[in-house]
Amino acid sequence: MVQKLFKQMVISQIISAMAVMLCLVIDSLMIMRFLGTDAMAAYGLANPVLLIFAAFGSLLSSGIQVVCSRAMGNGDEDKINKCFTLSVIIAIVVSVVGVACVLIFTDPLCVLLGAKKGTPVFQLTKDYLIGFVFGAPFFIAAQILVPFLQMSGQRFRLVAAVLSMTVADIAFDLLNVFVFKKSTLGMGLASTLSYVIAVLIGIGYFFKKSCVYKFRKHSTSWNLFKEIARGGVPTVINQISLVVLVYLVNRTMMKVGQEVAVAAYSIVSTIANIGYCIGNGISEVSLMLAGISYNEEDEKSLSEIVRQQTIFSIVINLLVTIVFLVLAAPLVDLFVADDPEVRKIAVFGLRMFSICLIISSINASFKKYYQSIGMIHFSESISVVQNLVFPAIVVVSFSALFGTTGVWYYYMIGEFLSLMYITIYVWAKSKEKFASHDSFVCLPASFGAAPGEAIEMEIRSKEDIQEVAIDAAEFCKEKGISKKKAMYTALCIEEMANNIVTHGFAKGKDNQIDIRLVHKDDEELIVRIRDNCRGFDPVKYYEMTKPDEDDPTKHIGIRMVFMMTRDVKYVNSLGLNCVTLKI
């Protein structure tokens, strides 16, 4: 199921990320082509403000994924709802404060950003900020919606929201340029309206009865904010490292190649951001799935996640690498066709960038994976070496030796050195076990069930149920479990699976039930049942049927399961039902 889920999530995540990035590329193209140099300068000067809102949204989004995925792994539905409630409240507060600050201090802010008062660029910068800032709350909301929609299995709605946003942004940009002619103010408003549309589509799910999240303002846990912030810190460090690197590269390009080199770097960076969407999409899926599997102590699933993230990084990025190598010149021509010197530098730079895509994606995936399994400091160190230390060394040294051409090598060499850094760390940690991709899973020897203490089974039809129940009973017998407890285990699996097949399996759908039975110390048995059928919470159902306890014939199956277990937890995880039984 992990392999199938990884594929489904990666596709929606990459499409979403690319659609958002395409909006930024389109904005740049429209401004550069139709509004002129001053407008493009104003757009560039306003970018730090956009990045501040984006950084906060990323902090919250990444922290949500870490906290909620761990809660899902533990079957802690209450914590998930607290995280959802807290995220909504914080997003509203920060949005109101941020919008108010920008509107009140617009003039001094423009000066701080580098626009000289009284110049056309100053007014254009001010207009863009005013147009954009009203969309800032929706911009932050959109970033927060992404992980919650992914975790609830609403991948189609997520893709629909971001694609609608992209189409709307293009339409509003064109209307501004050719009809309303409001310059940068109109471009800012166009972005605002496109974010509003995306949020309206995405937020519709949260008002449906089937929504798995509940807003509970009276159960807000402010201590949870520290946990969310801590989970998102590696993402913030990653962004800060990138900002410093971009500043360094810009300064170096100006020194060795003047304005034409800086312009070429700007073009390559814009196109490169689309390429990075693949690695970012894969890494976000890895972060979410690994967080759940880690807290379920599911070593096999973690190993499969590492394998899948590597396969997808190689296969998808290989295709994009070929496209960028072949179409480098036409892609650059979209931005500049009348300056042969800028064009020449940018085409070479784009081809150098494309060579590093596969390794970059692998590094990004490992970075998020290690973040999800609690290796926070290692994840943060990967961000620093990948996005700052190694590239900076190459930029400074190679620019002195080879000029502008040398700067471009930082893509390839920086990513390669980062992969070596990860490999050396894993080797030092695993030593003699360093033989396969499993060593990169990086789990302690005490993690999860001991070898031979867990069994995994799969049910795809009613005929499989009896066979799986027999296998479970046989497993218990081999572990020296009492006959009574072995019988309870087999009956619980049989009853729950029968309910799922009878009431949950849908015709024409690839229905599947995954069962994991773990033997812990002191004869403790834990059964995890996960299925991709229609949503059903047995815990809530059991609570609803308690009034019928006087009639022993009613709901006998579910009541029998609860009588044979000392704890039952349910959580909807990534659109899947997940029930954990302690026999």
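Analyst: The answer below begins with the core and ends with the loops.

First, the ground rules. This is a predicted model: local features need pLDDT of at least 70, side-chain atom pairs count only at pLDDT 80 or more, and totals for chains, interfaces and linings use all residues. Residues are numbered from 1 along each chain as its sequence is written, and side-chain values use heavy atoms, with hydrogens and water left out.

The largest nonpolar core holds 133 residues. Such a core is a set of buried Ala, Val, Leu, Ile, Met, Phe, Trp, Tyr and Cys residues joined through side-chain atoms within 4.5 Å. Buried means under 20% relative accessible area, exposed over 50%, and partly exposed in between (1.4 Å probe, protein chains only). Two tyrosines, Y213 and Y370, touch the most other members of this core. Its largest share comes from helix α9 (residues 223-295), with 20 residues. Helices are DSSP runs of H or I, at least four residues, numbered from the N terminus.

What does Y213 touch beyond its sequence neighbours? Leave out residues up to four places away, and the partners of Y213 are I80, N81, F84, F148, M151, S152, Y205 and F206. A touch is a contact, meaning heavy atoms within 4.5 Å.

A second core stands separate and has 33 residues. Its members include A486, C492, I500 and I529.

Now to helix α9 itself. A272 sits in this helix. A272 counts as buried, because its relative accessibility is 1%.

Beyond four places in sequence, the contacts of S286 are F6, G291, I305, Q309, S365, Y369 and S372.

F324 belongs to helix α10. At 8% relative accessibility, F324 is therefore buried. It touches I271, G275, L331, L350, F353, S354 and L357, again not counting residues up to four places away in sequence. F366 is 42 residues from F324 in sequence. In space, C-alpha to C-alpha, F324 and F366 are 24 Å apart.

C68 counts as buried because its relative accessibility is 0%. C492, already listed in the second core, is in no disulfide either. The nearest cysteine sulfur to C492 is that of C476, 11 Å away. C492 has a relative accessible area of 0%, so it is buried.

Helix α6 (residues 136-151) packs against helix α7 (residues 155-180) at an angle of about 150 degrees, and their axes are 8 Å apart. Axes are lines fitted to C-alpha atoms over the stretch in contact, with angles from 0 to 180 degrees between N-to-C directions. The two helices, α6 and α7, are therefore roughly antiparallel to each other, a term for angles over 145 degrees. On the α6 side, the contact is made by V146, L149 and Q150. On the α7 side, the contact uses R155, R157 and L158. By class, the contact has three nonpolar, one polar and two charged residues.

K181 is in the loop between α7 and α8 (183-203). Its phi is near 55 degrees, a positive value in a residue other than glycine. With 61% relative accessibility, K181 therefore counts as exposed.

E297 lies in the loop between α9 and α10 (299-326). Phi of E297 is near 55 degrees, positive in a residue other than glycine. Its relative accessible area is 31%, so E297 is partly exposed.

L189 takes its place in helix α8. L189 counts as partly exposed because its relative accessibility is 37%. The C-alpha atoms of L189 and G131 are separated by 4.5 Å, although the residues are 58 apart along the chain.

Conventions. Angles under 35 degrees count as roughly parallel, over 145 as roughly antiparallel, 65 to 115 as roughly perpendicular and the rest as oblique. Ala, Val, Leu, Ile, Met, Phe, Trp, Tyr, Cys and Pro count as nonpolar, Asp, Glu, Lys and Arg as charged, and the others, Gly among them, as polar. A disulfide is a pair of cysteine sulfur atoms within 2.5 Å.
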